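Take a moment to look at the sequence and the model below. Then follow the chain from its overall plan down to single side chains.

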Amino acid sequence: MPKHEVWGFTIETSPPGKNIWPIDLKREAIRRFGALQNGKAWSEDLGYDFELKHDRRTWLIEVKSSQGNRCQFEMGKSEVRAAREAARPRSGQRYVVIYAANPATLSATRVDILLNPMSDEPELGGDRDRAKC
(Lines give C-alpha, C1' and ligand atoms only; values in the text may rest on other atoms or scores of the structure.)
Protein backbone atom coordinates (compact mmCIF):
# COMPACT_ATOMS: atom_id res chain seq x y z
CA MET A 1 0.00 0.00 0.00
CA PRO A 2 1.29 3.50 -0.78
CA LYS A 3 2.23 5.62 2.23
CA HIS A 4 2.73 9.30 3.03
CA GLU A 5 3.25 11.34 6.18
CA VAL A 6 1.24 14.06 7.90
CA TRP A 7 2.61 15.73 11.06
CA GLY A 8 5.02 12.81 11.47
CA PHE A 9 2.29 10.13 11.25
CA THR A 10 2.27 7.58 8.43
CA ILE A 11 -0.93 7.39 6.38
CA GLU A 12 -1.44 4.33 4.21
CA THR A 13 -3.64 4.26 1.13
CA SER A 14 -5.83 1.18 0.63
CA PRO A 15 -6.07 -0.51 -2.79
CA PRO A 16 -9.37 1.32 -3.55
CA GLY A 17 -7.55 4.61 -2.84
CA LYS A 18 -8.90 5.49 0.62
CA ASN A 19 -6.56 7.03 3.18
CA ILE A 20 -6.20 5.04 6.39
CA TRP A 21 -5.48 7.45 9.25
CA PRO A 22 -3.90 6.06 12.43
CA ILE A 23 -5.94 6.90 15.54
CA ASP A 24 -3.11 9.04 16.96
CA LEU A 25 -3.22 11.26 13.87
CA LYS A 26 -6.98 11.66 14.26
CA ARG A 27 -6.49 12.78 17.84
CA GLU A 28 -3.76 15.20 16.81
CA ALA A 29 -6.01 16.70 14.12
CA ILE A 30 -8.81 17.19 16.64
CA ARG A 31 -6.44 18.84 19.07
CA ARG A 32 -4.89 21.15 16.48
CA PHE A 33 -8.12 22.19 14.78
CA GLY A 34 -10.00 22.51 18.05
CA ALA A 35 -7.31 24.87 19.36
CA LEU A 36 -7.41 26.91 16.17
CA GLN A 37 -11.18 27.18 16.27
CA ASN A 38 -11.27 28.25 19.90
CA GLY A 39 -8.40 30.71 19.59
CA LYS A 40 -6.77 29.18 22.65
CA ALA A 41 -4.13 26.59 23.31
CA TRP A 42 -5.48 23.06 23.56
CA SER A 43 -4.97 21.41 26.92
CA GLU A 44 -5.88 18.13 28.60
CA ASP A 45 -7.34 20.30 31.37
CA LEU A 46 -10.22 21.42 29.14
CA GLY A 47 -11.99 18.08 29.63
CA TYR A 48 -12.90 17.66 25.96
CA ASP A 49 -11.11 17.39 22.62
CA PHE A 50 -12.85 20.16 20.71
CA GLU A 51 -15.90 22.40 20.76
CA LEU A 52 -18.40 23.56 18.19
CA LYS A 53 -20.77 26.50 18.42
CA HIS A 54 -24.19 26.04 16.83
CA ASP A 55 -27.56 27.67 17.47
CA ARG A 56 -26.34 29.70 20.47
CA ARG A 57 -25.15 26.49 22.10
CA THR A 58 -21.62 25.20 22.61
CA TRP A 59 -21.02 21.50 22.03
CA LEU A 60 -18.10 20.04 24.01
CA ILE A 61 -16.91 16.90 22.24
CA GLU A 62 -14.70 14.23 23.75
CA VAL A 63 -13.35 11.44 21.50
CA LYS A 64 -12.71 7.97 22.92
CA SER A 65 -11.77 4.71 21.23
CA SER A 66 -10.79 1.14 21.97
CA GLN A 67 -9.89 -1.96 20.04
CA GLY A 68 -12.80 -4.32 20.41
CA ASN A 69 -16.47 -3.53 20.74
CA ARG A 70 -16.69 -3.14 24.52
CA CYS A 71 -17.70 0.53 24.69
CA GLN A 72 -15.65 0.79 27.85
CA PHE A 73 -13.45 3.77 28.55
CA GLU A 74 -12.39 5.92 31.46
CA MET A 75 -13.09 9.60 31.83
CA GLY A 76 -10.41 11.69 33.49
CA LYS A 77 -11.10 14.26 36.21
CA SER A 78 -11.18 17.17 33.76
CA GLU A 79 -13.59 15.28 31.48
CA VAL A 80 -15.94 14.52 34.37
CA ARG A 81 -15.75 18.16 35.48
CA ALA A 82 -16.54 19.46 31.98
CA ALA A 83 -19.44 17.00 31.59
CA ARG A 84 -20.90 18.01 34.97
CA GLU A 85 -20.60 21.71 34.19
CA ALA A 86 -22.33 21.19 30.84
CA ALA A 87 -25.12 19.23 32.57
CA ARG A 88 -26.06 22.22 34.75
CA PRO A 89 -29.36 23.86 33.78
CA ARG A 90 -28.96 26.87 31.49
CA SER A 91 -25.23 26.22 30.97
CA GLY A 92 -25.63 26.72 27.21
CA GLN A 93 -23.37 23.71 26.68
CA ARG A 94 -23.87 20.14 25.58
CA TYR A 95 -21.24 17.47 26.26
CA VAL A 96 -21.03 14.36 24.07
CA VAL A 97 -18.59 11.51 23.70
CA ILE A 98 -17.81 10.23 20.22
CA TYR A 99 -16.77 6.62 20.73
CA ALA A 100 -14.96 4.66 17.99
CA ALA A 101 -14.76 0.88 18.36
CA ASN A 102 -12.07 -1.01 16.44
CA PRO A 103 -10.45 2.04 14.81
CA ALA A 104 -7.47 0.00 13.60
CA THR A 105 -9.67 -2.30 11.51
CA LEU A 106 -11.50 -0.22 8.93
CA SER A 107 -14.08 -2.91 8.08
CA ALA A 108 -14.93 -3.39 11.78
CA THR A 109 -14.91 0.27 12.88
CA ARG A 110 -18.10 1.54 14.49
CA VAL A 111 -18.73 5.07 15.74
CA ASP A 112 -21.36 5.99 18.35
CA ILE A 113 -22.32 9.37 19.76
CA LEU A 114 -22.98 9.07 23.48
CA LEU A 115 -24.91 11.79 25.26
CA ASN A 116 -23.61 13.43 28.43
CA PRO A 117 -23.03 10.63 30.99
CA MET A 118 -23.19 13.14 33.87
CA SER A 119 -26.68 14.43 33.11
CA ASP A 120 -29.92 13.21 34.67
CA GLU A 121 -32.13 14.94 32.12
CA PRO A 122 -33.18 12.72 29.17
CA GLU A 123 -32.60 15.38 26.50
CA LEU A 124 -29.10 15.92 27.90
CA GLY A 125 -28.17 12.26 28.11
CA GLY A 126 -29.89 10.88 31.19
CA ASP A 127 -31.73 8.27 29.14
CA ARG A 128 -29.19 5.48 29.61
CA ASP A 129 -30.66 3.36 26.80
CA ARG A 130 -29.87 6.14 24.34
CA ALA A 131 -26.29 6.39 25.65
CA LYS A 132 -25.34 2.73 25.24
CA CYS A 133 -23.13 1.47 22.41
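Of the contacts in the protein chain with a separation of 6 or more, what percentage joins residues 24 or more positions apart? The figure is 40%. Contact here means heavy atoms within 4.5 Å.

Some ground rules come next. This is a predicted model, in which local features need pLDDT of at least 70 and side-chain atom pairs count only at pLDDT 80 or more, while totals for chains, interfaces and linings use all residues. Residues are numbered from 1 along each chain as its sequence is written, and side-chain values use heavy atoms, with hydrogens and water left out.

Start with the parts list. The protein chain has three helices and seven strands. Both are DSSP runs numbered from the N terminus: helices are H or I with at least four residues, strands are E with at least two. Along the sequence the pattern reads β-β-β-α-β-β-α-β-β-α. The protein chain has 133 residues, and 35% of them count as buried. Buried means under 20% relative accessible area, exposed means over 50%, and partly exposed lies in between (1.4 Å probe, protein chains only). The accessible surface of the protein chain is about 8,600 Å², with 51% belonging to carbon and sulfur atoms. Such areas come from the Shrake-Rupley method with a 1.4 Å probe; for residues, only the protein chains shown count as cover.

Now find the sheet. Strands of a sheet pair through backbone hydrogen bonds, either parallel or antiparallel. Four strands form an open sheet here, in the order β4-β5-β6-β7, with mixed pairing. β4 (50–54) and β7 (110–115) stand at the edges with a single partner strand each, so one side of each has no neighbour in the sheet. On average, neighbouring strands are turned by 25° against each other, direction ignored. Two strands pair if DSSP finds at least two bridges between them. Strand β5 (residues 57–66) and strand β6 (residues 93–101) pair in the parallel sense over nine bridges. V63 stands opposite I98 in β6.

Helix α2 (residues 77–87) lies across β5 and β6, at about 135° to β6. Axes are lines fitted to C-alpha atoms, for helices over the stretch in contact, and angles run from 0 to 180 degrees between N-to-C directions. The buried residues of α2 include S78, V80, A82 and A86. The buried residues of this helix pack against β5 and β6.

K64 lies in strand β5. K64 is buried, because its relative accessible area is 11%. Its side chain reaches the backbone oxygen of E74 at 2.9 Å. N116 sits in the loop between β7 and α3 (128–131). With 3% relative accessibility, N116 is buried. The side chain of N116 reaches the backbone oxygen of A83 at 2.9 Å.

Note on methods
A polar contact is a pair of N or O atoms within 3.5 Å; within protein, one must be able to donate a hydrogen and the other to accept it, and residues adjacent in sequence count only if both atoms are side-chain atoms.
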